[in-house]
Amino acid sequence: MVKNMARDSDYGAFMEKFLLQPSPSLHQLPLHGLTFAFKDIFDVDGYVTGFGNPDWARTHPAATSTAPAIWLINGENKHYGTPTNPCVPDRVPGGSSSGSAVAVGAKLVDFALGTDTGRSVRVPASYCGILGFRPSHDVISTAGVIPLVQIFDTVGWFARDPVIFNRVGRVLLQLPDVDLVRPSRIIIAEDCFQLSDIPKDRVIQPLVKSVDKLFGSHLVSRAILEDYVKDKVPSLKQFANKGNADQESHIPSLEALSSAMRLIIGHEFKNNHGEWINTVKPDLGPGISERVWEALMTTDENLDICHSVKSEARAALIDLLGDFGVLAIPTVLGPPSKLQTDPTISENFCDRTFSLLLIASASGFCQVSIPLGLYDNLPVSISLLATHGSDGFLLNLVETLYYTLKEEVGIVEKMGS
């Protein structure tokens, strides 16, 4: 859900609307004149931050200051309704930042803010066919933002236009305008694309041809992430699922990484919100309720090993990419599911996708989801990851690649029609 500047609403994206009056002296600032929305998790002075749940709003006072950044996978909400995906109205719009994504995708605002702990910017961006950015961990202040899991929490954003997308990022990241730094390599995680329900060439081919046109094909290489992570992150052996040998639907080392990170997520969420949940016993929607109560059962057992896994994974990915390398993976493993899909089916799909999304969360790397048009009339995307602190480099790369990618997607779509 989302709050936004005063404007006619649509698509069920908005919970509340109000106008933030800028000072006349601010007219020359980079984002002057742009409309924006933000998730109902950011504090605004004088307003109750609702956290998407009426029980939270009922038991918390109005904020006394505004979050500095303003100056779950499906996005279905039992209390306030599900925002309508403007790209495919009969499909889910994404995770808990879906209201922000819908507001951008429906052209109701120019950009929007969300938060991404494990997936909540990247998945809605993919499902709604727009750009979405999860920044490097801890490079944008999360002050005034209701915490979920501080070790993974980030403030991300959405836009349709790559120039606006880059401008918003540079304001949030407090970065100067700089020229594009040429990428040193583009690594395609071959096994990750093999998992996708979308034919891999439909996603990889536009990227490869775009990189060839702009930088040369010699920058592109292929990698099997399963082998690399298994070799470079030895602590994962503690979390290996020996009973699952099905590598056609899972990447075992990434699944083990996901298991370790879930323990950290559960532990921190319990510390942040366990007392409130046990006291208030809020009314939680299906899917969310099960995850929350699972988190409250988390213990400290194996927590030290989980943090070792996180450190090893970060070091391994730094070695893989260096300063200006880029890793290409699917943002998600298939199109958005239909509204009110069987929770069991949705959960299995979420778990498979979550193992890819945890790569950036565990390493603290920045990740961007880029739309690649439609396949079978459903949105397609690709993600690019870069090392921690390379956000400005990645934003410039996206802006440079975007229109060439769009041209290549158009060619692929014509060939397939």
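Me: Is Arg122 buried or exposed in this model?

Reply: Relative accessible area decides that, and under 20% counts as buried. This is a predicted model, and in it Arg122 has a relative accessible area of 0%, so Arg122 is buried.

Me: Which side chain does Arg122 meet in a salt bridge?

Reply: To find a salt bridge, look for a side-chain nitrogen of Lys or Arg within 4 Å of a carboxyl oxygen of Asp or Glu. Here Arg122 meets Asp116, with 2.8 Å from N to O. Asp116 is buried too, because its relative accessible area is 0%. Asp116 also forms a salt bridge with Arg134, where the closest N and O atoms are 3.1 Å apart. Asp116 belongs to strand β4 (residues 111–116) and Arg134 to strand β5 (residues 131–134), so this pair ties together parts that are 18 residues apart in sequence. Arg134, at 0% relative accessible area, is buried.

Me: How many salt bridges does the structure hold?

Reply: The structure holds 6. Another one of them joins Glu413 and Arg202, at 3.4 Å from N to O. That pair links distant parts of the chain, since Glu413 is in helix α12 (residues 391–416) and Arg202 is in helix α6, 211 residues apart. Glu413 has 33% relative accessibility and so counts as partly exposed, whereas Arg202, at 7%, is buried. As for Asp116, Arg122 and Arg134, salt bridges with shared partners join them into one network.

Me: Where is Lys310, and which side chain of opposite charge is nearest to it?

Reply: Lys310 is found in helix α10 (residues 303–321). Lys310 is buried but has no salt bridge; the nearest side chain of opposite charge is Glu268, 8.6 Å away. Beyond its neighbours within four places in sequence, Lys310 is in contact with Ile151, Phe152, Met261, Ile264, Ser361 and Ala362.

Me: How should I read the span of helix α6?

Reply: Count the residues and compare the expected span with the distance between the ends. Helix α6 (residues 200–214) has 15 residues, which at 1.5 Å a residue should span 21 Å; the end C-alpha atoms are 21 Å apart, so the two values agree. An α-helix has 3.6 residues a turn, so residues three or four places apart point the same way. The buried residues in α6 are Arg202, Val203, Ile204, Pro206, Leu207, Ser210 and Val211. After α6 comes Gly216, with a positive phi near 110°.

Me: Which residues of strand β9 lie on one side, and which on the other?

Reply: In a regular strand the side chains alternate between the two faces of the sheet. In β9, Gly325, Leu327 and Ile329 are on one side, Val326 and Ala328 on the other, and all are buried. Strand β7 (residues 185–189) runs parallel to β9 and is joined to it by 4 bridges; Arg185 has Gly325 as its bridge partner. Strand β11 (residues 378–386) pairs with β9 in the antiparallel sense over 3 bridges, and Ser383 in β11 stands opposite Ile329.

Me: Which residues touch the most other members of the largest nonpolar core?

Reply: The core has 102 residues, and Trp157 and Leu384 touch the most other members. Helix α8 (residues 252–280) gives the most to this core, with 10 residues. Apart from this core lies another, of 16 residues, among them Ala101, Leu108, Val121 and Phe158.

Methods:
Residues numbered from 1 in each chain as written. Predicted model: local features only at pLDDT ≥ 70, side-chain atom pairs only at ≥ 80, totals over all residues. Heavy atoms only, no water. Helix = DSSP H or I, 4+ residues; strand = E, 2+ residues; numbered from the N terminus. Buried < 20%, exposed > 50% of the residue type's maximum accessible area, 1.4 Å probe, protein only. Lys, Arg positive; Asp, Glu negative; His and termini not counted. Contact = heavy atoms within 4.5 Å. Core = buried A, V, L, I, M, F, W, Y, C linked by side-chain atoms within 4.5 Å. Pairing = 2+ DSSP bridges. Expected span 1.5 Å × (residues − 1).
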